[in-house]
Amino acid sequence: MLKKLLKYDFKRMTRILVYMYAITVVLAGLTRLVNLGNKIQFVLIIGKILEGCTFAGIVNVLVNTFVHILGTFISNFFKDESYLTHTLPVSKTQLLFSKLISSLLVIIISVVVCILSLFIIFYSPEFMTGLKGFIEMTVASFNMSAGGFVAVLVTLLFIQTCALIAMAFTAIIKANTYNEKRILYGLIWMFIYYTAISVINIVLSVIVCALSGNLAGLFAEQISQGALLCTIIVISVGYVAETIFFCYYSNKLFKKGVNVD
Amino acid sequence: MGFNFNGNVPIYLQIIERIKLQIIRKELVPGQKLPSVRDLSLQYSVNPNTVQKALAELESLGLIFTERTNGKFVTLDESAIKRETERTIEQKLNEFCCSMAELGLDKSEIIKKLNEKE
Amino acid sequence: MTDLLSVKNVSKSFGDKKVVDDVSFSVPKGKIVGLLGKNGSGKTTILKMINDLLTVDQGEILICGQKVSTKTKALVSFLPERTYLNPTLTVKQTFDFFEDFYSDFDREKAQDLLNDLGLDLNARLAKMSKGMKEKIQLVLVMSRRASLYVLDEPLGGVDPSTRDYIMQTILKNFGEESSILITTHLISDVEKIIDQVVFIDNGKIILNRDAEELREEQNASIDEIFRRTV
């Protein structure tokens with residue numbers, strides 16, 4: 001059943017996004033083509049305009065990813081469509097997990113499309129060496145390779161995204177346990193949860209750094225390697241734990257039963 | 001839907017009346033198969049259970065019979081139909097006479113009125 | 001006779017307001033039961049509890065002897081008052097959806113009913129009128145070979161010819177092994193098809209009788225009796 005749910009959720013979320021992906025990539029391609037042309041002023045201007053459009057397209061993709069994820073979640077679970085969603089012979093846990101997984105998938109695709117568009121515009125051997133050089137310079141003092149840094153960064157962003165999606169869904173579910181002002185309560189709970197996880201992550205980082213004797217390194221002008229390592233580990237573990245907590249809590253809230261208008 | 005029911009009277013009684021009338025008027029001839037409960041229910045737009053009840057009643061009156069697996073048929077017993085026809089005529093006449101009596105007409109006056117009527 | 005649905009001493013409040021107050025009734029197998037009441041009498045709230053859209057405060061609801069759960073949802077075919085289909089889908093896609101999730105969905109039956117409506121399988125729901133969407137929903141709901149059909153105001157706000165289509169569709173697909181619970185405030189329209197009537201007012205059951213017996217006893221239509229009692 002989860003597979004079937006995923007299929008419908010994914011289709012629903014990407015129905016319009018697909019066109020936005022296509023437009024952004026095509027704009028990036030056009031920008032690239034025009035930039036290959038004569039370096040006369042007219043062509044340069046067109047190139048700049050196209051580049052601007054591509055950037056707008058990227059922002060549009062990112063914004064719409066969130067709009068579609070949250071929109072699908074709300075309309076499927078709490079609006080008219082909920083009359084069908086909640087009467088399907090499928091468990092609440094599966095309904096919820098399908099939304100979490102498909103949302104994550106859509107975010108990944110959107111990010112990949114955005115990065116791809118940027119590469120289409122800017123890719124060249126010199127650009128890559130420059131990028132690599134920039135990263136290496138940044139991480140030089142940490143005794144880390146550029147590849148390693150990118151891997152850590154991507155992993156961190158990934159688990160953070162998981163935590164944030166689970167958090168947003170939990171806030172929406174929580175807000176819908178109220179009988180009125182649900183949007184307001186949704187925003188309030190999202191703010192509370194976000195503040196809570198940020199504070200927890202920071203406090204835990206400080207504690208772990210202190211315990212491992214890296215406290216000075218944490219507040220130094222240039223963060224020490226030990227402190228950075230501690231922080232990365234704490235934050236990773238923190239986000240994973242928070243994701244699990246939000247999944248568990250939202251599932252529990254959901255199982256208590258929904259109160260649809 | 002072809003057939004308007006009077007809401008104040010149980011529907012199964014009205015279905016009985018209707019089928020009885022069809023049998024008396026030979027619209028349904030002896031031995032003829034009746035539509036299935038489902039078809040009748042759709043035809044009259046009524047609950048199949050109600051049709052079932054009406055048919056059971058008609059069967060106990062001896063106007064229809066069930067042949068297992070084949071369905072329900074109009075009785076082959078002409079005398080039963082005749083008996084039911086007489087009874088219905090009698091009943092309707094009584095109703096008619098009663099309402100005339102309420103208007104103060106006696107039997108001879110009723111006959112006179114009937115003869116005057118085209 | 002087995003009861004496909006039994007509602008036992010169920011209550012539900014919203015804040016201080018008791019919307020459903022100690023309600024008990026049952027739907028036996030093979031029967032069409034009309035849950036009749038004015039707007040706001042608590043009919044829809046009861047249906048929502050049967051379908052797990054609202055939690056029960058007190059009491060118990062059993063469907064084929066089981067408490068409301070994921071399992072019972074496979075046995076119940078629910079037609080709400082809302083248009084609950086994803087508007088971006090085509091009619092065909094909604095059929096696929098039902099086929100995917102309900103093992104008792106009879107696609108051929110759905111196709112037949114759709115043909116009666118003269119609708120194209122590739123028509124998109126977003127381009128249809130509300131009435132049309134409601135008919136598609138009825139087709140989907142009645143094309144399941146469910147044990148219990150729960151229909152909330154299926155005749156609300158439709159024109160007379162549509163009413164006939166709906167009644168015919170309901171009758172056509174109602175089998176001896178299943179039951180129907182139907183709510184409405186337009187009583188005269190469903191009179192002919194209901195076996196049993198349950199009157200509800202202010203969240204309380206005030207009458208629960210066999211329809212024909214009631215007509216015989218009171219020499220009046222259910223509609224009239226309802227107006228007198230409620």
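**Close-up views of two interfaces**

**View 1. Domain layout of chain A.** Chain A is divided into domain 1 (1-123) and domain 2 (138-261). The model is predicted. Taken over C-alpha atoms, the centres of domain 1 and domain 2 of chain A are separated by 24 Å. Domain 1 of chain A brings 19 residues to the contact, and domain 2 of chain A brings 18 residues.

**View 2. The interface of domain 1 and domain 2 in chain A.** About 1700 Å² is buried between domain 1 and domain 2 of chain A. Carbon and sulfur atoms give 85% of that area. Polar links across this interface come to 1 residue pair in polar contact (both at pLDDT 80 or more). The count of salt bridges here is 0.

View 3. Helix H2 (41-77), helix H3 (82-85) and helix H4 (92-122) of chain A each give two or more residues to the side of domain 1 that touches domain 2. H4(A) gives the most, with 10 residues. By class, this side has 13 nonpolar, 4 polar and 2 charged residues.

**View 4. The contact of chain B with chain C.** Chain B supplies 21 residues and chain C supplies 22 residues. Together the two chains bury about 1700 Å², with 47% of it on carbon and sulfur atoms. On the chain B side, B:Asn8, B:Leu42 and B:Asn47 lose the most area to chain C, together 29% of what that side buries.

**View 5. Polar contacts and the chain B side.** Chain B and chain C share 12 residue pairs in polar contact (both at pLDDT 80 or more), but 0 salt bridges. Helix H1 (11-24), helix H2 (37-44) and helix H3 (48-60) of chain B each give two or more residues to the side that touches chain C. The residues of that side divide into 12 nonpolar, 7 polar and 2 charged.

Definitions and conventions
Residues numbered from 1 in each chain as written. Chains lettered and ligands numbered in written order. Predicted model: local features only at pLDDT ≥ 70, side-chain atom pairs only at ≥ 80, totals over all residues. Heavy atoms only, no water. Contact = heavy atoms within 4.5 Å. Buried area = accessible area lost by both parts, 1.4 Å probe. Salt bridge = Lys/Arg side-chain N within 4 Å of Asp/Glu carboxyl O. Polar contact = N/O pair within 3.5 Å; in protein donor to acceptor, adjacent residues only side chain to side chain. Helix = DSSP H or I, 4+ residues; strand = E, 2+ residues; numbered from the N terminus. Nonpolar A, V, L, I, M, F, W, Y, C, P; charged D, E, K, R; others polar. Domains from an automatic or database assignment.
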